[in-house]
Structures are given as C-alpha cells and as structure tokens.
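Biologist: I am new to this structure. Could we go through it together, one topic at a time?

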Amino acid sequence: MTRICMIAYTHYPTDSRVRREAESLVARGDEVDFICLGEKKSSKQELFHGVHLEKINHSRYRGSSALSYLMAYFRFFVSAFFRVAGLYIKKRYPVIQVHTMPDFMVFTTLIPKMMGAKIILDVHDLMPELYQSKFGYANNHPLIRVITWVEKASIKFAHRAIAVHEPHLDALCSHGNPRDKFIQLLNLADEQVFKPDESVSEDEEETDLENFKLVYHGTVALRNGLETAIQAVNLIKDETPHLKFEIIGDGDDIDRLIGLVETLELEDLVHISKGMVPLEELVPRLKQADAGIVPLVLDEFTQYMLPVKLLEYVALGKPTICTRTKTIEAYFTDDMVLYFSSGNIQELADCILDLYHHRDKREALINKANNFIKIYNWNHQKQNYYTLVDGLIGG
C-alpha cells in the first residue's frame, strides 16, 4: 500500500475527473488523502468512497471579477500549503498530485518537494485561454502574459504533468512548455459509473415521444452556450409538445438564464436545477434523458475543450448534439454526434427536431459513438496513470 496525497480547488463529490483518479488508486490498494473545498460548517475530515477528504471550508467564488477569482484561489492556496505540509510530516507521501485550476496551486507542495516528494501537475484547463474567454482580455494583455508565465513555472516545478488530450497538449507546448514533461490522460467517463441501462421497457419501445428529455449538466457560463439552447427550444416549442430541457449545474450565468426562461415563458419546458450534484445523484438523472447537448460558444478557450459531459453522454448511450470544434472533431466523426455551428439557433433547433422525430437517427449515433469507447476507455487509460504514479514512486 502506498500513501498518496492530492490537492484540488474543487468540491470532491461533484468532480468526476479527480474522483476517477483518486478512487482508481484506492481500488488497487493505495491510501489517498485529498485536500479539497468543503462547505461551511461541514466536518473537516470525511471518508468518501475510500478516499480521505481533508476539507478546507472556503466558499468557491462565482462571479465576473478576475481579481476576486485570484483572491479565492489564494485563500485556498494558503490553507492547502499548511495542510499538505502538516500531513506530509506525518505520512511522508512519495507522490503528491495537484489538479488545476489554478496552475500555481502546485506550489503548495514546496515543503514536501524539498523533503523528497515527487509532484504531478494535472493540467485540467488552459488558464490563459480561459481568462481571455471569460474576461475578454487580448492575448498580449499583461495579465494573460503573467498567467502564461505562471503556467510555465508551475509545469517546470512539477516532476511530471498530465494533459487531457492531443490539442490540449499542443496548446500547452505553444506556450513554451516541454512536450516530454507530459503524458496524455483523456478526461474519460468511468464506465463502472457511467454505463447505459441494459434493459428497455416495453413502454419505451412502443412510445417514441411520450416525453423527450434533452439534458445539459456541468458549469453554467456564457462560454457554454446555454442561451443558444434555450432560444432553440423556444423556436420549436410549438412543434415539440413532448420536449423538456433540463439544465443541471451552477455557475456565473445561471441567474441570467433563469431570467431568460421566465421572459420567454418557458418554465413548463425548461427546468434549471441550480447547484452541482454528486455523481451518485447525477447519473440516474442523466439516464432519464433521451439526448445530451453541448452547445459551446467557440472562442480561444472552448476550441481546445473535449467536454467531459460529451464523453459521459456517450458512455451512457445518449445521442448528443454539440458545437462543431476542431478538438471534438479530432475524436468524433459526423456520424457519431450531431454537429451544429457555434451560436446558430436555427441549426441547433433543426438538430433537436431531427432527434426528436427520428428514433433511428438516435440509435445510429449511439452505435457509431460506441467506436470511441472501444478505443478510448478508462480501463485502458488508468494503466497509463498507474505507470506514471509507480514510475515516480520507484524513481
């Protein structure tokens, strides 16, 4: 048994990537301590699916201020710095893995690294591109240059780093990071958690349009294009009497979208469930859907996204409508998902109508998308992850 520590500015129960990696280590017999966000007044320690959670009870900032985001990160950073140092003195972890964002969170491990711990930086997102997208900064803005410099310094500090797919790695290298520092570990759905229902009831087979549910889950921000999806539903509401659209998640844009639904008088068609939910609650709700939707707004950041929600819909056997981007096209052909152009309400409405009226189209997309799962699945990828961790332990 090896003791391993992880650190992430996240609520552990709702974060599928960090859970997948931590719980995979536990499944093979390792002991994992995970420093993460906690809710106010919640216990500071908790055993969750075999992972020892060390919770820092700070509120996660949701808003439009770049400075406030950085301050929220910094408060967590200071607490995590002392927490991991104290735990390391007691347990002497051979490996500590830090999940971004932010990239500079890796420096919380300064003391353990000085004492011999090996450090992995799992780069979930591209912070320079995210800040360009979120706050409208130009590529040469001083803050973007600083964030890029911090990214490079963070990756240099770590012994090894993880990129989430090939275009993501290309972007990191274009920032000046060395390719040989990384392994790729796609943000795949855990097939033990995200697996389709094998049985279909007779009612489901006989009744095609008793209730057609479209679903989106995850971060609710402008870049995720949910306004386009709501407008598309509004455009076809008279043609789709059985259509329901459910949004499950939280983020900066959620209150505005709730207002848009009320303005368009779509309360009976569009339901917004505010707040992230643990996977144990989320997966059964996703299984009730007939199709998933990923309506990204194409920009500097989203062009590099291979959204985990898309991979989770595919794993659950749900046909999916998504924005056409080069990154998604690198993994999914036109017969695996239904593409539409970023921000095009009419195209998206036509895609929804296509799936709404044609069961055979839905089934064809599901069957073709299964080819992705045959090539890219967590059972295979986790062996690469084990090799990375064990190589640092052995080293």
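Modeller: A cavity here is a set of points on a 1 Å grid over the protein atoms alone where a 1.4 Å probe fits but cannot get out. Points are joined across faces, edges and corners, and the volume is the space filled by probe spheres set on them. This is a predicted model, in which local features need pLDDT of at least 70 and side-chain atom pairs count only at pLDDT 80 or more, while totals for chains, interfaces and linings use all residues. Residues are numbered from 1 along each chain as its sequence is written, and side-chain values use heavy atoms, with hydrogens and water left out.

Biologist: How many cavities of 30 Å³ or more are there?

Modeller: The count comes to one.

Biologist: And which residues line the largest cavity?

Modeller: The lining consists of V314, G317, K318, P319, T320, M336, V337, L365, I366 and A369, where a lining residue has an atom within 4 Å of a point. Helix α14 (residues 359-375) provides the largest share, three residues. Helices are DSSP runs of H or I with at least four residues, strands are runs of E with at least two, and both are numbered from the N terminus.

Biologist: Changing topic, where are the cis peptide bonds?

Modeller: One joins T100 and M101, with omega about 5°. Another joins M101 and P102, with omega about -5°. M101 is in the loop between β5 (95-99) and α3 (110-114), and P102 lies in the loop between β5 and α3.

Biologist: Why point these out?

Modeller: Most peptide bonds are trans, and most residues other than glycine have a negative phi.

Biologist: Which residues have a positive phi, then?

Modeller: H49, which is not a glycine, has a positive phi of about 50°. E265, also a residue other than glycine, has a phi near 55°. H49 sits in the loop between β3 (45-48) and β4 (51-56), and E265 in the loop between α9 (254-263) and β11 (270-274).

Biologist: Is E265 buried or exposed?

Modeller: E265 counts as exposed because its relative accessibility is 66%. Buried means under 20% relative accessible area, exposed over 50%, and partly exposed in between, with a 1.4 Å probe and protein chains only. H49, at 46%, is therefore partly exposed.

Technical notes. On a 1 Å grid over the protein atoms alone, a cavity is a set of points where a 1.4 Å probe fits but cannot get out, and a pocket is an open set with protein on both sides within 12 Å along at least five of seven lines; lining residues have an atom within 4 Å of a point.
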